[in-house]
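Here is a short briefing on one protein chain. Keep the sequence and the 3D view open while reading.

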Amino acid sequence: FKQKTAYEISLGLVGSEMCIRDRMIHRVLDEEIEVLELKKDFYNSEIKNDQEQLKALETPEGLEAYSRENYKMKRENEDIYIIASDTTNQSK
């Protein structure tokens, strides 16, 4: 008994056997395409958000707002108060 290679087996497939194999391959490929399309949509959305943020940083006002919000920067003679909420007691 000689074991056949995948190539020899594929040569022996006929009619309905080939259709079954092709359907299985296409199902797997369709699932991969669907996952890739979702990733593509996600990354396109991320690119759009990043472009909007970069555009906002091109203006002095946008740059100031970003630095004040993210780095707690302030103007001279200005005080900043950070108010933290206590989430442990809010459920009562």
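Which backbone oxygen does the side chain of Ser 67 reach? That of Glu 64, at 2.9 Å. The model is predicted. Its chain has three helices and zero strands. Glu 64 also takes part in a network of salt bridges with Arg 68, Arg 75 and Glu 78.

**Overall layout**

- From the N terminus on, the elements run α-α-α.
- Helix H2 covers residues 15-57, and helix H3 covers residues 60-71.
- The chain counts 92 residues, of which 3% are buried.
- The accessible surface comes to about 9,200 Å². Carbon and sulfur atoms hold 57% of that area.

**Ser 67**

- Ser 67 sits in helix H3.
- Its relative accessible area is 16%, so Ser 67 counts as buried, the cut-off being under 20%.
- Neighbours within four places in sequence aside, Ser 67 is in contact with Lys 72 and Met 73.

**Salt bridges**

- Side chains of opposite charge can pair when their charged atoms come close.
- The count for this model is three salt bridges.
- Glu 64 pairs with Arg 68, with 3.7 Å between the closest N and O atoms. Both residues lie in helix H3, four residues apart, which is about one turn of the helix.
- Glu 64 also meets Arg 75, at 2.6 Å from N to O. This pair links distant parts of the chain: Glu 64 is in helix H3, while Arg 75 is in the segment after H3, eleven residues apart.
- Glu 78 pairs with Arg 68, the closest N and O atoms being 2.9 Å apart. Arg 68 is in helix H3 and Glu 78 in the segment after H3, so this bridge ties together parts that are ten residues apart in sequence.
- Together, Glu 64, Arg 68, Arg 75 and Glu 78 are linked in a network.
- Are Glu 64, Arg 68 and Arg 75 buried, exposed or partly exposed? Glu 64 is partly exposed at 29% relative accessibility. Arg 68 is partly exposed at 26%. Arg 75 is partly exposed at 47%.

**Aromatic pairs**

- How many aromatic pairs does the structure hold? The structure holds two.
- Phe 42 and Tyr 43 form an edge-to-face pair, because their planes stand at 70°, over the 60 degrees required. Their ring centres are 5.1 Å apart.
- Tyr 66 and Tyr 71 also form an edge-to-face pair. Here the centres are 6.1 Å apart, with 70° between the planes.
- Phe 42 is partly exposed at 45% relative accessible area, whereas Tyr 43 is exposed at 51%.
- Tyr 66 is partly exposed at 38%, whereas Tyr 71 is exposed at 56%.

- Helices H2 and H3 are the elements that give two or more residues to the patch.
- H3 gives the largest share, three residues.
- Leu 63 lies in helix H3. Its relative accessible area is 48%, so Leu 63 counts as partly exposed.

**Backbone at Asn 77**

- Most residues other than glycine have a negative phi.
- What is the phi of Asn 77 near? Phi of Asn 77 is near 60°, a positive value in a residue other than glycine.
- Asn 77 is found in the segment after H3.
- At 83% relative accessibility, Asn 77 is exposed, because the cut-off is over 50%.

Technical notes. Residues numbered from 1 in each chain as written. Predicted model: local features only at pLDDT ≥ 70, side-chain atom pairs only at ≥ 80, totals over all residues. Heavy atoms only, no water. Buried < 20%, exposed > 50% of the residue type's maximum accessible area, 1.4 Å probe, protein only. Polar contact = N/O pair within 3.5 Å; in protein donor to acceptor, adjacent residues only side chain to side chain. Contact = heavy atoms within 4.5 Å. Areas by Shrake-Rupley, 256 points an atom, 1.4 Å probe, with all protein chains shown as cover. Salt bridge = Lys/Arg side-chain N within 4 Å of Asp/Glu carboxyl O. Phe/Tyr/Trp six-rings, centres within 6.5 Å; stacked < 30°, edge-to-face > 60°.
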